[in-house]
Amino acid sequence: MTTGSLIGKRIPKLDAPEKAAGRTRYIHDIDLPGQLHAKILRSTQVHAKIVRIDTAAARKLPGVHAVITAADVPWQRPIGVAKDHLPLKRDRVRSLRDEIAAVAAESPEIAERALALIEVEYEPLAPVLDTEAALSPDTPRLHGEDLVWEAPGGRREVLHKASADNVAMTFDYAQGDMAQGERDSAVVVEDVFWLHYVTHCCLGVSGVIAEFEANGNLLIYSNTQVPFLHKREFAELLGIDPGRIRIIQPPIGGGFGSKLDIYPFEPIAIFLAKATRRPVKLVYTREEEFAVSPTRQPVLLRLRSGATREGRLTFRSVETIHDNGAYTSWGATTPFVMMQTFSSLYRVPHCSYRTRAVYTNNPYAGSFRGYGNLQATFAVEAHMDRLAEALGMDPLGFRLANAQDPGEITPQGMHFKSCGFKECLQTAAARSDYLGKHAENRARWNDGNPVKRGVGIASMLHVGGGAKIYPSDGCGTILKIDDFAHVTLLTGASEIGQGSETVLAQLVCEELGLPLTAVSVVNNDTDITPWDVGVHASRTTFIAGNSAIGAARKAKAKILSAAARKAGVPAASLSMKDGFILKGDEKLYELAKFLRSLHFSDKAELVMTSFYYEPPSRHQDREFKGDVSAAYAWASQVAEVELDTQTGIVRLVKLTAAHDVGRVLNRLGIEGQIEGGIVMGQGYALTENLIVEDGVVRNPSFRDYKLVTAPEIPEMDLSFIETMDGEGPQGAKGVGEAPAICIAAAVANAIYNATGVRITALPFTPERVYRALHGAAAPPVWTGAK
Amino acid sequence: MPLKVEIEFRLNGVGQRVSVAPDMTVLEMLRGALGLTGTKYGCGEGECGTCTIRVDGATVNSCLMPAVDCEGRELQTIEGFAVTPAGERLARSFVNHGAVQCGFCTPGMMMQAGRLLDSLEMPSRETIQRGIEGNLCRCTGYKKIIDAIADAAGKDAQ
């Protein structure tokens with residue numbers, strides 16, 4: 001059998017047959033012998049002092065093995081990005097989700113009954129329910145005291161210093177001269193935007209199993225997206241050597257950024273395993289998943305933008321206030337990504353960007369696919385339309401006039417080595433007849449028909465070649481070829497459903513001239529796989545792909561050099577294809593047979609090789625100048641909506657997407673990523689809304705939190721712009737987050753095109769749209785400093 | 001101790017006799033007492049469809065059905081369906097069309113699709129979309145699932 005190249009083909013996922021047969025064992029499906037079940041008691045108060053916790057009755061319940069509170073783990077250390085969050089709360093609760101006690105029992109039902117027997121007395125404190133209140137000088141500080149850690153020996157150490165105000169984190173950035181930007185502007189627009197709470201809704205709820213081995217080593221079955229980073233964090237938490245921690249990742253029922261941080265339930269399961277010397281399993285209910293998992297960070301954003309009469313952008317002035325919630329997770333760092341969209345999606349000489357993540361008693365925010373970019377793009381693309389209109393230019397032409405080109409180094413220092421932005425714009429616009437429809441829809445604003453059509457365009461820039469958030473962004477690969485030419489690929493890269501296992505296998509097979517059936521991928525055990533920074537930032541295909549290719553090329557070079565010696569020909573004249581070593585078209589050796597012939601020779605080591613890759617480019621400096629990725633992904637999307645002005649119902653009819661993906665590796669996989677991202681973006685724009693009132697999540701269920709269902713999806717037209725990135729594996733760039741980023745922005749522009757009404761707050765529910773159309777909307781108000 | 005009730009039913013073609021508590025759901029019985037973990041817990045209140053099984057041919061959210069109601073009925077779960085010719089054909093179609101990503105909704109989708117293909121030889125694309133309306137998927141955007149079902153029905157989408 002002769003195989004052609006695997007690149008660009010429609011390759012089914014390697015793990016799909018097991019999944020379709022219902023045979024895949026997720027964490028929920030694993031039960032260990034002797035395993036106990038854990039449940040967590042959470043606060044009933046949004047903000048309060050804990051006066052007393054009485055666990056006596058719970059401890060006496062038959063079947064209960066342990067009940068723990070903060071008093072039982074005085075050595076617990078704070079977790080999270082700012083280390084401001086104790087897994088079990090000591091003397092104060094700061095949100096309704098806060099963990100007060102936990103139980104390990106013979107069954108989940110017994111654990112649940114034990115929770116009901118725990119008495120907690122609170123002294124309520126005034127809640128801080130929004131960022132405006134939090135920033136007022138009269139409001140008490142939510143983290144106004146030092147967080148002191150009591151080491152086992154009695155030593156005390158401050159791990160999170162008392163904060164001077166309720167600001168958890170800031171990211172300020174500036175380029176150019178803002179006053180000059182204002183002077184250069186013929187038109188200026190300014191708006192306030194409100195981006196709401198949404199949550200990941202992974203179909204598989206969160207869960208963990210923790211077990212201490214007899215020698216004190218810790219084994220964790222975890223859904224984490226960053227096993228190697230968490231290994232280090234758990235080690236620090238427990239004060240043990242990271243080498244004594246092993247993390248196994250069973251297949252994961254959805255990630256989307258939700259599993260990038262450690263959350264209290266994980267240390268709590270570990271504390272209970274330590275207390276009981278038994279494996280402890282802790283799995284959320286769906287209600288817990290909604291109410292206590294971190295959200296996408298809600299943002300209040302004020303944007304002022306200007307342009308010259310000729311249609312060149314002059315400046316952007318951006319201020320944001322992020323509702324951080326009670327504790328700091330990755331959500332607080334999303335401004336880092338947002339600033340790139342403001343400074344560098346389009347060419348803009350002057351930019352000022354000021355952000356604050358603010359503590360409140362609301363649920364706290366984590367990372368979510370797109371990482372702030374949905375929020376930033378929503379504002380930027382609204383202004384691209386508004387400026388074009390103010391200038392009397394067509395919105396496509398105005399964008400093209402300001403779009404980035406390949407080779408550009410932006411004032412922020414991002415270097416766009418490959419850039420298909422203009423082609424994305426032109427392709428999406430042409431395939432959707434954007435300009436024609438745009439003019440046609442506008443002409444029908446006053447035609448008396450209550451049902452309107454609208455078309456809107458939006459584009460995005462996102463990291464596509466890893467993300468240099470950490471000092472290093474790498475991935476290790478070990479590649480083993482056995483006597484039968486079967487390859488085992490051990491990679492640090494995690495599979496969360498996105499298809500990394502398949503694309504890595506494909507890249508290796510492409511190098512070694514083997515069919516996909518010749519590869520097994522091992523990717524879920526920190527004791528076995530080499531290091532990787534984690535599955536996030538659309539980085540896996542790029543970083544882990546390059547790593548896998550590197551390992552395969554090393555193996556290939558060794559095999560071909562041995563074959564060249566044996567055949568007495570130059571290695572450069574040899575190749576590998578269809579399981580053979582070839583000279584030109586002539587089959588010299590069958591690969592498996594040749595590998596067996598190397599047994600016990602000094603060439604035997606050539607069947608084992610490893611490779612590590614890190615893209616060589618400059619990191620950002622302290623002023624956020626410099627590169628954040630080895631490559632950047634681009635996309636333009638056109639949304640077509642139908643809007644009923646009598647009900648406010650907006651239907652997404654069609655979505656035309658053009659993505660610069662570098663190169664398509666697995667067409668089936670990349671289509672799946674983009675279609676899934678589009679529909680997730682559709683939910684963000686139209687239906688999803690985590691309602692937080694008075695610090696309480698009011699809709700913790702799929703009944704009241706509306707995900708898009710099958711009948712509601714739009715027609716999707718996808719185009720791939722192949723810019724063949726020089727650093728990318730076979731030319732490819734990352735794509736995981738990109739498709740979700742533009743939809744809300746494009747839909748907002750489509751609603752304007754349909755009605756002439758600009759809505760600057762999400763989501764576009766019928767009520768919000770109806771009110772806006774009938775002059776009854778309350779647009780978002782800037783509540784930060786004037 | 002809660003009272004237990006002994007029930008008899010057929011599961012994936014095999015007779016079963018099980019003692020169940022009156023407040024136990026079919027989902028809990030399948031995953032716990034019977035060790036069949038292909039049927040998933042997604043929400044526990046009939047909103048996501050990950051726990052979909054067939055009971056006397058109809059699709060049911062097993063998280064909402066009391067186990068005691070299984071008495072005398074014929075149940076099929078993904079473990080049983082996946083090894084039938086129709087189930088194998090459908091699974092192949094799911095795999096080849098890229099209808100599986102994280103895979104957590106997949107068993108429920110397979111069961112719902114199986115019923116659809118049983119009751120309608122040539123479902124339209126719209127019928128398929130309506131048919132899986134109660135099954136949530138967070139990864140795929142549904143299109144490839146619809147394609148997979150349409151293809152397994154021996155008919156491309158209209």
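Start by selecting chain B and showing its surface: the accessible area is about 6,300 Å², of which 48% belongs to carbon and sulfur atoms (areas come from the Shrake-Rupley method with a 1.4 Å probe, and for residues only the protein chains shown count as cover). What you have open is a predicted model, in which local features need pLDDT of at least 70 and side-chain atom pairs count only at pLDDT 80 or more, while totals for chains, interfaces and linings use all residues. Residues are numbered from 1 along each chain as its sequence is written, chains are lettered from A and ligands numbered from 1 in the order in which they are written, and side-chain values use heavy atoms, with hydrogens and water left out.

**Stay on chain B**

Switch to cartoon and you will find 6 helices and 5 strands (DSSP runs numbered from the N terminus: helices are H or I with at least four residues, strands are E with at least two). Trace the chain from the N terminus and the order is β-β-α-β-β-β-α-α-α-α-α. The radius of gyration of chain B is 16 Å, close to the 15 Å that the globule rule gives for 158 residues, so chain B is as compact as a globular protein of that length (the radius is taken over C-alpha atoms, and the rule is 2.2 Å times the number of residues to the power 0.38). Along the principal axes, the C-alpha atoms of chain B fill a box of roughly 55 × 30 × 20 Å. Colour by burial next: 55% of the 158 residues of chain B count as buried (under 20% relative accessible area, with a 1.4 Å probe and protein chains only).

**Move to chain A**

Now select chain A, which has 20 helices and 30 strands. Its radius of gyration is 27 Å, close to the 28 Å from the globule rule for 786 residues, so chain A is as compact as a globular protein of that length. The C-alpha trace of chain A spans about 80 × 75 × 50 Å along its principal axes. Of the 786 residues of chain A, 63% count as buried.

**Look for empty space**

Rolling a probe the size of a water molecule over the atoms shows where empty space is left. The search uses a 1 Å grid over the protein atoms alone: a cavity is a set of points where a 1.4 Å probe fits but cannot get out, a pocket is an open set with protein on both sides within 12 Å along at least five of seven lines, and lining residues have an atom within 4 Å of a point. Points are joined across faces, edges and corners, and a volume is the space filled by probe spheres set on them.

How many cavities of 30 Å³ or more does the whole structure hold? The search finds 9. The largest cavity has a volume of about 840 Å³. Select Gln498(A), Ser538(A), Gln673(A), Gly736(A) and Glu737(A), the closest to its centre among 49 lining residues. Helices H9 (335–344) and H15 (540–567) of chain A are among the elements giving two or more residues to this lining.

For the second largest cavity, of about 140 Å³, centre on Ser206(A), Ser258(A), Lys259(A), Tyr263(A) and Phe265(A), which lie nearest its centre among 17 lining residues.

**Last stop: an open pocket**

The second largest pocket has a volume of about 910 Å³. Pick out Trp194(A), Ala761(A), Leu762(A), Arg768(A) and Pro780(A), nearest its centre among 33 lining residues. H20(A) supplies the largest share of the lining, 3 residues.

Key
Buried means under 20% relative accessible area, exposed over 50%, partly exposed in between (1.4 Å probe, protein chains only).
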